[in-house]
Amino acid sequence: MLTSSAAPLDLLAARDQMAISLGWHIILACLGVGMPALTLFAEWRGLRTGDEAYLVLARRWAKAMGVLFAVGAVSGTILSFEMGILWPGLMGTYGQVIGLPFTMEGIAFFVEAIFLGIYLYAWDRLPPRRHLLAGVPIVVAGVASAFFVVSANAWMNQPRGFDLDAGRVTGVDPWAAMFNPATPPETIHMILAAFMVSGYLISSVYAVGMLRGRRDRHHRLGLLIPLTFAAVLTPLQIAAGDYAARFLAGNQPAKLAALEGVYRTGSHVPLTVGGVPVGDELRYGLEVPNGLSLLVGDSPGTVITGLDRTPVADRPPVAIVHLSFDVMVGIGFALLALGAWLALVWWRRRDVPRPRWFLRAVAVSGVAACCALEAGWVTTEVGRQPWIVWGHLRTADAVNPAPGLLIGLIVVLAVYVVLTIGTVYVLRRMARTDRRTAPQEAGTPS
């Protein structure tokens with residue numbers, strides 16, 4: 001294990017660089033998980049019904065998927081280098097423990113890349129049903145990639161599969177490490193989030209088009225398919241979040257206490273919505289009596305472990321964690337209401353809600369889903385602090401002690417600015433080109 005002598009500014013730079021890289025990449029990673037499933041569904045519906053509008057959507061989404069996969073490969077490569085360069089104390093000591101999920105993720109990535117190439121370039125060279133089947137491994141590999149990466153992060157929250165002998169790692173069991181207790185709640189929560197982000201982001205693009213007067217069948221389907229997909233998953237995600245919170249109560253009580261702003265251990269603990277940490281209490285929030293005790297243990301008498309059971313030096317920063325958690329939960333319930341609006345109108349009229357306020361809500365749902373995703377990762381990562389490996393290795397002890405990490409942060413920021421501008425430019429060019437051919441491809445307006 002390294003004893004870090006990194007300057008405070010370099011430690012901050014390393015953490016900021018990792019946060020920016022992960023926060024940028026995770027959006028692309030989510031689209032890599034969710035877009036293939038939506039694209040295959042549109043192609044399947046097109047082949048099944050003979051409706052050309054579905055096939056046009058599938059072709060356009062596939063082209064965008066190819067661009068986003070290429071950019072995501074770049075940002076993912078940056079992250080893989082950062083793991084070793086910025087955090088040698090983690091990878092040098094525990095690399096043999098968590099190497100398996102990263103290796104499996106690499107295999108899944110190559111499978112996805114191979115079949116994505118086949119899918120994109122053999123569209124008119126394979127029989128339609130074989131082409132559709134060629135896309136199935138893309139979906140499977142994308143989900144598998146998310147599972148393997150998140151299982152490594154879950155291990156950082158619940159480290160297993162090794163023994164420590166005088167500070168040295170022995171008795172390594174990489175399978176036990178990958179399938180640690182936090183793997184089920186984290187992977188389920190993340191994979192559902194990936195599908196939701198994809199659905200809301202794609203539907204938001206078509207909502208903007210409809211607000212600008214494009215009410216043809218192409219835009220209607222482009223909004224309805226991904227929005228329905230995401231809306232159906234939203235209540236499942238809320239249930240998965242409840243599962244994850246119950247897991248924290250028994251396995252990482254300090255993180256749950258930070259999430260909910262619970263400073264003192266006790267029963268009949270209220271659920272506090274909002275609020276600001278002041279000293280050793282959460283003020284100005286809306287309290288639901290007994291709410292947290294009921295959610296965690298189904299009884300008002302359930303005891304919740306507060307931060308008073310955790311040494312001050314080992315406590316997560318409550319203000320950041322609680323705020324990010326509230327943002328994630330608040331957006332989640334707002335998206336649930338949006339899905340309920342769609343479901344109610346569809347049940348009554350078999351149509352998309354007509355008010356422009358609905359389209360405005362869908363238009364911002366993509367950005368909102370991304371904000372909820374980022375807030376969720378802040379909750380997960382900052383809620384584990386000051387540990388990079390919970391209970392074993394502190395973040396400050398894992399960072400590269402070499403000076404000059406601030407320079408790396410500046411370089412990475414510049415790279416991501418260029419990637420962002422380039423990606424937006426290419427996608428906008430593709431959208432403009434597609435709009436010019438839309439009347440011939442999408443059929444008559446409905």
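This is a predicted model: local features need pLDDT of at least 70, side-chain atom pairs count only at pLDDT 80 or more; totals for chains, interfaces and linings use all residues.
Local features need pLDDT of at least 70 and side-chain atom pairs 80 or more, while totals for chains, interfaces and linings use all residues. Residues are numbered from 1 along each chain as its sequence is written, and side-chain values use heavy atoms, without hydrogens and water.

Reader: How many disulfides does a search of the whole structure find?
Author: A disulfide is a pair of cysteine sulfur atoms within 2.5 Å. For Cys 30, the closest cysteine sulfur, in Cys 370, is 7.7 Å away, so it is too far for a bond. For Cys 371, the nearest one is also that of Cys 370, at 7.0 Å. The count for the whole structure is zero.

Reader: Is Cys 30 buried or exposed?
Author: Buried means under 20% relative accessible area, exposed over 50%, and partly exposed in between (1.4 Å probe, protein chains only). Cys 30 has 0% relative accessibility, so it counts as buried.

Reader: Is helix 1 roughly parallel or antiparallel to helix 2?
Author: Helices are DSSP runs (H or I, at least four residues) and strands likewise (E, at least two), numbered from the N terminus. Helix 1 (residues 8-49) and helix 2 (residues 52-86) pack at about 155°. Axes are lines fitted to C-alpha atoms over the stretch in contact, and angles run from 0 to 180 degrees between N-to-C directions. Under 35 degrees is roughly parallel, over 145 roughly antiparallel, 65 to 115 roughly perpendicular and the rest oblique, so this pair is roughly antiparallel.

Reader: Where is Gln 158?
Author: Gln 158 is buried, at 2% relative accessibility. Its place is the loop between helix 5 (136-157) and strand 1 (163-165).
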